[in-house]
Amino acid sequence: SDPVAAAPQRSFVLLKPDAVRRGLVGAILSRFESRGLKIVAMDLRYVDGDLADQHYAEHVERDFYPPLRTFVTSGPSVAVLLEGDQVIEVVRTMNGATDARKAAPGTIRGDWALSNRENLVHGSDSAESAAREIALWFPDFA
Ligand code: RTP
Ligand code: MG
């Protein structure tokens, strides 16, 4: 477990295959860094179907899951562990609305995406989700 009891909040962020394919990894990370969030761990990952199913466990029965699974396994992603004050909410705000067609300008999705699926980034949606996702993706940091 984390030895630093008073550590700031952490969030799991995934730069999805579209971010890597489109060469937006640096630009997206730069936004998080410029905001003051700290990269604690980072790794290029080839997500397979099993990891996709575990990560998106809450969605596996949904109609949109099969194409989502195909998408997230379509090429390498970049897994990132970010740390900072209220990082979970800050990242969700910076990512923008799930449906990038409705995401506000100034957000990552609102500036660079136009799809309800290929929306560049994932961010943990709660402290409970962050704990689960960090255990899955970065067990050394759980
Ligand atoms: P994420 O989990 O990736 O951070 O995105 P989110 O919380 O904003 O959205 P969520 O509801 O958790 O959905 C997970 C991902 O599934 C794809 N999606 N497709 N109706 C659809 O076709 C649909 N809805 C969601 C998106 O890639 C979304 O980010
Ligand atoms: Mg989500």
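**Close-up views of a predicted model**

**View 1. His-122 lies in strand E4.** We start here, in a predicted model, with a residue that the UniProt record (an unreviewed entry) lists under "active site". His-122 is buried, because 22 other C-beta atoms lie within 10 Å and 20 or more are enough for that label. If you set aside neighbours within four places in sequence, the residues in contact with His-122 are Val-13, Leu-14 and Lys-16.

**View 2. His-122 is also part of the shell around ligand 1.** Joining His-122 around the ligand are His-59, Phe-64, Leu-68, Thr-98, Asn-116, Arg-117, Asn-119, Gly-123 and Asp-125. Sorted by class, this shell has six polar, two charged and two nonpolar residues.

**View 3. Four strands form an open sheet in the order E2-E3-E1-E4.** The pairing in this sheet is antiparallel. E2 and E4 (121-123) stand at the edges with a single partner strand each, so each has one side without a neighbour in the sheet. On average, neighbouring strands here are turned by 15° against each other, direction ignored. As a handy reminder, strands of a sheet pair through backbone hydrogen bonds, and they can do so in parallel or antiparallel fashion.

**View 4. Strand E3 (residues 77-83) is largely enclosed by the rest of the structure, because five of its seven residues are buried.** How many bridges join E1 to E3? There are six between strand E1 (residues 10-15) and E3, and the two strands run antiparallel. Have a look at Phe-12, which stands opposite Leu-81 in E3.

**View 5. Strand E2 (residues 38-45) is joined to E3 by seven bridges.** This pair, too, runs antiparallel. Which residue of E3 is the bridge partner of Met-42? That partner is Val-80. For the other pair, find Ile-39, which stands opposite Leu-82 in E3.

Conventions:
Residues numbered from 1 in each chain as written. Chains lettered and ligands numbered in written order. Predicted model: local features only at pLDDT ≥ 70, side-chain atom pairs only at ≥ 80, totals over all residues. Buried ≥ 20, exposed ≤ 12 C-beta atoms within 10 Å, placed from the backbone. Pairing = 2+ DSSP bridges. Axes fitted to C-alpha atoms, helices over the stretch in contact; angles between N-to-C directions. Near = placed C-beta within 6 Å. Nonpolar A, V, L, I, M, F, W, Y, C, P; charged D, E, K, R; others polar. UniProt positions renumbered as here; feature names shortened; annotations may be inferred. Contact = placed C-beta atoms within 7 Å.
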